[in-house]
Amino acid sequence: MKSRLYSYLETNNVLFDYQFGFRHNHSTTLALIDVVDKLYENLDKHNKVIGIYLDLQKAFDTVNHDILLHKLHNYEIRGVALDWFRNYLSGRYQYTTVNGVNSELTAITCGVPQGSALGPVLFLVYVNDIKNAVPGDQIKLFADDTNLFLFGCTIGDTNFYSNIKLNKLCDWLIGNKLSVNIEKTSYMIFFRGKANETLLCINNQVINKVSSCRYLGVIIDDKLKWTDHINQVSTTSFTLLFDLPVYKVTAINVSCSVLSIVF
């Protein structure tokens, strides 16, 4: 069923172009190349860029079954197939065991079955129409990793534009019963020069401004110098070297995302 559903979604171009998670011929590498290329392109044009990194709270566990089934219906998965998915999601129970003592059974009323083959694909269907909240290619997805990259001629315009987009995105999240972890959500200004003060808010709560953060496994900084990432890779590599057998190490090459040790 997972193969049939995924084949249907891909054949009919249902999935958002900038959803890079759980898809064939898509990867974190492609997502990074797409984002970094867009950043350099706009910085070369002297545009101001704001990157917003949203953290969704327990996104896979809070998928609303009724909303998911409604979306499957909208994507023309109907009749017996839709009934099959309804049956697949319903009638599930869970319990917790602590020190050999079991809790009472509790019905599972939301979430996709994690660890299942269908879970990731159903989640892609659930978040697919997030593109309608923020039209264009500003939003980048990797499963539940949700990121916005917005561009403007001035930092003031970009800041204003970013808050508008965030409000629209929050409306979509509320409508789909998903929520943002404000403490783990942050934004970054990519700007060659001295940037004016900015302020981004979600539900009237100010989100953190950072100079670097981890994005799809790579530490990206606001100057695109990759210094923090290279230092982190270097530190990790030298730590691992102490755990290796005694060999003659002739060279260590560290790039943005690749470490090679020559013996």
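## The largest nonpolar core

Which residues in the largest nonpolar core touch the most other members? They are Ile 52, Leu 68, Leu 72 and Leu 122, out of 55 residues in that core. Helix α5 gives the most to this core, with eight residues. A nonpolar core here is a set of buried Ala, Val, Leu, Ile, Met, Phe, Trp, Tyr and Cys residues joined through side-chain atoms within 4.5 Å. Buried means under 20% relative accessible area, exposed means over 50%, and partly exposed lies in between (1.4 Å probe, protein chains only).

The model is predicted: local features need pLDDT of at least 70, side-chain atom pairs count only at pLDDT 80 or more, and totals for chains, interfaces and linings use all residues. Residues are numbered from 1 along each chain as its sequence is written, and side-chain values use heavy atoms, with hydrogens and water left out.

## Charged pairs

Side chains of opposite charge can pair when their charged atoms come close. How many salt bridges does a search of the whole structure find? The search finds five, where a salt bridge is a side-chain nitrogen of Lys or Arg within 4 Å of a carboxyl oxygen of Asp or Glu.

One of them joins Arg 23 and Glu 10, at 3.1 Å from N to O. Arg 23 lies in the loop between α1 (2-11) and α2 (28-44) while Glu 10 is in helix α1, so the pair ties together parts 13 residues apart in sequence. Helices (H or I, at least four residues) and strands (E, at least two) are DSSP runs, numbered from the N terminus. Arg 23 is buried at 10%, whereas Glu 10 is partly exposed at 25% relative accessibility.

Lys 140 pairs with Asp 34, their closest N and O atoms being 2.8 Å apart. Lys 140 is buried at 3%, and Asp 34 is partly exposed at 21%.
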